[in-house]
Amino acid sequence: FECNSPGNAVNTNPIFKLPFGQIFVRAVCSSGVGALRGVINSYIAVNKDRVGLNDGNKIATDPDAQMALALAVSTVDECETIMFRNFDDMLEAARNDTSLPIEERIKMRFDASLVAGKCSDAINRMFIACGAQGIYRDHPLNRAWLDINAGRQHVANNPFKFGRNVGGVMMGGENSDFFL
């Protein structure tokens, strides 16, 4: 956690100087981004020519289906942008043999905890827009829906504790997270 493992004498690549707590939480939340990215094309394929059984209209013209797709694409972009930016900042500090201020590490930890919820919200909107057929195991969105929502349940993906820590430290409180 202090980025000074005895293995650093042999493993000199800066990646070995990154805080384990920061790497672990990204391993836990990144799968949601990958699953959401992976299911976008399936969502398009399922809904592009599908006709709703209740009204006979093409799903591709349904504003809710269109919005669900747009929000999923935007969610992937937002999450990747923030995660890559934070990782680049950590790696730059490691290359320069400097430590990130604890306030930055706390904020990066909070950023990572938000990813699963954002991905879960996006896949849930897509799932709903697919109608009842999405509940079947062979539906292309079903596996991603299950995986993303299961990942959302990991303690590392619960933002409330980490958000309170960010806000508390910003207002003069003590850091309450040792896993940074």
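Modeller: A residue counts as buried under 20% relative accessible area, as exposed over 50%, and as partly exposed in between. Keep in mind that this is a predicted model.

By that scale K17, at 24% relative accessibility, is partly exposed. Its side chain meets that of D97 in a salt bridge, 2.5 Å from N to O. K17 sits in the segment before α1 and D97 in the loop between α2 and α3, so the pair ties together parts 80 residues apart in sequence. D97 has a relative accessible area of 58%, so D97 is exposed.

Next come K118 and E78. Their side chains form a salt bridge at 2.6 Å, N to O. This pair also links distant parts of the chain: K118 belongs to helix α3 and E78 to helix α2, 40 residues apart. K118 has a relative accessible area of 26%, which makes K118 partly exposed. E78 is partly exposed too, at 34% relative accessibility.

Now a pair within one helix. E92 and R95 meet through their side chains at 3.7 Å, N to O, in a salt bridge. They are three residues apart in helix α2, so about one helical turn separates them. An α-helix has 3.6 residues a turn, so residues three or four places apart point the same way. E92 is partly exposed, with a relative accessible area of 39%.

There is also a network: salt bridges link R85, K107 and D111. Across the whole structure, the search finds nine salt bridges.

Terms used: Residues numbered from 1 in each chain as written. Predicted model: local features only at pLDDT ≥ 70, side-chain atom pairs only at ≥ 80, totals over all residues. Heavy atoms only, no water. Salt bridge = Lys/Arg side-chain N within 4 Å of Asp/Glu carboxyl O. Helix = DSSP H or I, 4+ residues; strand = E, 2+ residues; numbered from the N terminus. Buried < 20%, exposed > 50% of the residue type's maximum accessible area, 1.4 Å probe, protein only.
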